[in-house]
Amino acid sequence: MPIPALSTSSWELILIFAWVPQWILQTGMNNRSIAWWLRQIGLPQYTKTLESEYYGLEGLLYVTDGGLKDAGIENAAHREIILIQLSRDRQRLDPLS
């Protein structure tokens, strides 16, 4: 059976899917990173909440107070801690920022 010809958009999808996992592996960012990071800042109780809303720390980098509240983090002091720590870690986590 001959292999069907791929359209340009198909090739673009293949390239995207080939690139994304490489980037995730190279940076080491995934949902386990959220769990590790939350343990480091003393807020591990939000692991499931944030993992269900965001994929990895890169997904959290530019979250807002409203975004955290919408995700289910009701405690304003905890949201502030998360935002302050993200601000401190942003340069390391996103060197292009």
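**A walk through the model**

Guide: Setting aside neighbours within four places in sequence, Thr47 is in contact with Ala35 and Leu38. Keep in mind that this is a predicted model.

Visitor: Where is Thr47 found?
Guide: Thr47 sits in helix α3, which covers residues 47–53.

Visitor: Is Thr47 buried or exposed?
Guide: Buried, because its relative accessibility is 14% and the cut-off for buried is under 20%.

Visitor: Back to Leu38. What is Leu38 in contact with, leaving aside neighbours within four places in sequence?
Guide: Leu43, Pro44, Tyr46, Thr47, Leu50 and Ile82.

Visitor: Now the core. Which residues of the largest nonpolar core touch the most other members?
Guide: Ile34, Trp37, Leu38, Leu50, Tyr54, Leu60 and Ile82. The core has 16 residues.

Visitor: Which helices each supply at least two residues of this core?
Guide: Four are listed: α2 (31–40), α4 (56–60), α5 (65–71) and α6 (76–93). The largest share comes from α2, with 3 residues.

Visitor: Why would such residues gather like that?
Guide: In soluble globular proteins, nonpolar side chains tend to be buried together.

Visitor: What does Leu86 touch, not counting residues up to four places away in sequence?
Guide: Trp37, Leu60 and Val63. Trp37 and Leu60 are also among the core residues that touch the most other members.

Visitor: What separates the C-alpha atoms of Leu86 and Tyr62?
Guide: A gap of 8.1 Å. Along the chain, Leu86 and Tyr62 are 24 residues apart.

Visitor: New topic: charges. How many salt bridges does the structure hold?
Guide: The count is 1. The side chains of Asp65 and Arg79 form a salt bridge, at 2.8 Å from N to O.

Visitor: Where are Asp65 and Arg79?
Guide: Asp65 is in helix α5 and Arg79 is in helix α6. They are 14 residues apart, so the pair links distant parts of the chain.

Visitor: Why can side chains pair up like this?
Guide: Side chains of opposite charge can pair when their charged atoms come close.

Visitor: Are the two partners buried or exposed?
Guide: Arg79 counts as buried, at 6% relative accessibility. Asp65 is partly exposed, with a relative accessible area of 35%.

Notes. Residues numbered from 1 in each chain as written. Predicted model: local features only at pLDDT ≥ 70, side-chain atom pairs only at ≥ 80, totals over all residues. Heavy atoms only, no water. Core = buried A, V, L, I, M, F, W, Y, C linked by side-chain atoms within 4.5 Å. Buried < 20%, exposed > 50% of the residue type's maximum accessible area, 1.4 Å probe, protein only. Contact = heavy atoms within 4.5 Å. Salt bridge = Lys/Arg side-chain N within 4 Å of Asp/Glu carboxyl O.
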